Amino acid sequence: MLARSTFSRHIIPKACPTLYATPHALRAGRSIHVARAVQYKDAMPSEAHLLLQDEGCKYLDVRTAEEYAAGHAPSATNVPVVFLGSGMSPNPAFLSEVQRIFPKKDESLLVGCKSGRRSLMAIEQLSQVGYCKLVNLTGGFDLWAAQGLPVEK
């Protein structure tokens with residue numbers, strides 16, 4: 001088994017994953033199997049608000065259309081990652097819609113949902129198709145609204 005100290009892992013976009021093994025590990029003939037890592041940053045609502053205002057970050061709201069209609073951050077774009085009903089069913093058009101709306105994969109995207117679970121699902125999918133500047137809205141829209149940040153209906 002390869003010890004952690006014998007290699008370093010660099011978390012970078014899936015399009016160009018890298019794992020560097022030390023010469024010692026390579027001489028020993030060890031194979032390394034590592035699941036691809038997803039790169040993203042977490043941002044609390046106040047920090048996310050600044051990213052949207054000052055750094056040109058775009059807000060991708062992955063909640064359902066009904067949740068979005070009940071209230072959302074200004075300038076947010078809604079593309080549901082799943083449909084809710086008798087459980088969660090994936091939105092088969094999610095990636096194609098996001099790629100149509102946000103064609104630049106190196107553009108900063110703030111991804112938010114209600115509380116954080118669906119945004120991480122979306123970030124994983126987006127990372128797999130090459131989006132590399134992803135920011136997860138920690139606490140989701142619930143925390144955004146609770147902190148008194150702007151909300152549109």
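Where does the charged end of Arg 63 sit? I looked, and that charged end lies over the ring of Phe 141, 4.3 Å from its centre. I count a charge as over a ring if NZ of Lys or CZ of Arg is within 6 Å of the ring centre and within 35 degrees of the ring normal.

**Ground rules**

I noted that this is a predicted model, where local features need pLDDT of at least 70, side-chain atom pairs count only at pLDDT 80 or more, and totals for chains, interfaces and linings use all residues. Residues are numbered from 1 along each chain as its sequence is written, and side-chain values use heavy atoms, with hydrogens and water left out.

**Confidence**

I checked pLDDT, the predictor's confidence in each residue, from 0 to 100. The protein chain averages 81, and 76% of the residues score at least 70. Over residues 1-35 the pLDDT stays under 50.

**Overall build**

I found six helices and nine strands in the protein chain; these are DSSP runs, with helices (H or I) of at least four residues and strands (E) of at least two, numbered from the N terminus. Of the 153 residues, 35% count as buried, meaning under 20% relative accessible area with a 1.4 Å probe, protein chains only.

**The cores**

Next I looked up the nonpolar cores, which are sets of buried Ala, Val, Leu, Ile, Met, Phe, Trp, Tyr and Cys residues joined through side-chain atoms within 4.5 Å. The largest has 16 residues, and Leu 60, Val 62, Phe 94, Val 98, Val 111 and Leu 126 touch the most other members. Helix 4 (94-101), strand 8 (109-112) and helix 5 (117-128) each supply at least two residues of this core. Helix 5 gives the most, with three residues.

I then followed Val 62 through its contacts (heavy atoms within 4.5 Å). Leaving out residues up to four places away in sequence, Val 62 touches several residues, including Val 79, Pro 80, Phe 94, Val 111 and Ala 122. A second, separate core of 15 residues includes Ala 43, Tyr 59, Leu 110 and Val 135.

**The aromatic pair**

How many aromatic pairs does the structure hold? I found one, taking rings of Phe, Tyr and Trp (its six-membered ring) as paired if their centres lie within 6.5 Å, with planes under 30 degrees apart stacked, over 60 edge-to-face and the rest tilted. The rings of Tyr 59 and Trp 144 have centres 5.9 Å apart and planes at 80 degrees, so the pair is edge-to-face. Tyr 59 is in strand 4 (residues 58-61) and Trp 144 in helix 6 (residues 140-146), so the pair ties together parts 85 residues apart in sequence. Both Tyr 59 and Trp 144 are buried.

Conventions
Buried means under 20% relative accessible area, exposed over 50%, partly exposed in between (1.4 Å probe, protein chains only).
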